[in-house]
Amino acid sequence: MKSEQLKNHKITDAIQHASPHFDERPNGVDINLLVIHCISLPEGDYGTPYVKDLFMGELDSSAHPDFAPLHGLRVSAHCVIRRDGTLEQYVPFDKRAWHAGQSRYCGRKRCNDFSIGIELEGTDKTAYTDKQYECLVGVTKLLLEHYPTLNRHRIVGHEHIAPGRKTDPGIGFDWSKYLNQL
C-alpha cells in the first residue's frame, strides 16, 4: 500500500462502514500498539453479513443460537480482513474502537486507548489465507509509516493482552510469516 492510501485516518482502498461503536481517544495518547484478532459469525462460517452487523450495532441476535450472548453488545474494530483479502474499515484510526475489552500491555491497562485493532475473518484454530496475510502486511506497513510510535515490536495478538480471556488470533496465525514480511 502506498502512503497516499491513508487520508483522514482512513484507508482509501478499504470498504468504509461507519460503526457507531467508537469514541475519542484520551487526550495526548499516541497510537503505539497493533492488536490482531479473529472473528467469524457463526464461528467458522465465512462471508456472512453478521460481523458487519455486529460492528454496526445491527446484529439480529435471534438469527443463530450462538448469537444470544451477543445481544446488546457494543463492539467494533478498526478493520476487518475477509478470507478473500477484502479490507473493511469500521472506525478511523485516530478514534478509539472497542475491540480489546479488559486488557493490559506492558503494565498499561485499557489497550483500546492506545491501540489499533484488526480482525481477521477466521477462528483461532484454523489457518488464515494468503490473501489475508497479503492484506494485513500492506495495512501494517501503512500504519507503521503513519504512526511513528507504532513499531513491529508493538504488534500483538488479542491473546497476549487478555491472557486467559481471549485466544485469538490463535494457533492458526503464523506470526513468523507475517512479521518476516514487514
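Which helix and which strand each supply at least two residues of the lining of the largest pocket? I looked this up and found α1 and β5 (33-39), where helices (H or I, at least four residues) and strands (E, at least two) are DSSP runs numbered from the N terminus.

Before going on, I noted that this is a predicted model, in which local features need pLDDT of at least 70 and side-chain atom pairs count only at pLDDT 80 or more, while totals for chains, interfaces and linings use all residues. I also noted that residues are numbered from 1 along each chain as its sequence is written, and that side-chain values use heavy atoms, with hydrogens and water left out.

**Pocket.** I read a volume of about 730 Å³ for the largest pocket. A pocket here is an open set of points on a 1 Å grid over the protein atoms alone, where a 1.4 Å probe fits, with protein on both sides within 12 Å along at least five of seven lines; lining residues have an atom within 4 Å of a point. The volume is the space filled by probe spheres set on the points, which are joined across faces, edges and corners. Of the 30 lining residues, I listed C38, I39, H158, K166 and D168 as the closest to the centre. β5 gives the most to this lining, with 3 residues.

**Cysteines.** I counted 0 disulfides, a disulfide being a pair of cysteine sulfur atoms within 2.5 Å. The sulfur of C38 is too far for a bond, because the closest cysteine sulfur, in C79, is 16 Å away. I noted C38 as buried at 13% relative accessibility (buried is under 20% relative accessible area, exposed over 50%, partly exposed in between, with a 1.4 Å probe and protein chains only). C106, by contrast, is exposed at 66%, and its sulfur lies 9.1 Å from the closest cysteine sulfur, in C111, again too far for a bond.

**Rings.** I found 8 aromatic pairs; rings of Phe, Tyr and Trp (its six-membered ring) pair if their centres lie within 6.5 Å, and planes under 30 degrees apart count as stacked, over 60 as edge-to-face and the rest as tilted. The pair of F55 and Y90 is edge-to-face, because the planes stand at 80°, with the centres 5.4 Å apart. This pair links distant parts of the chain, since F55 is in helix α1 (residues 50-55) and Y90 is in the loop between β7 (87-89) and β8 (95-97), 35 residues apart. F55 is buried, with a relative accessible area of 1%, and Y90 is buried with 2%.
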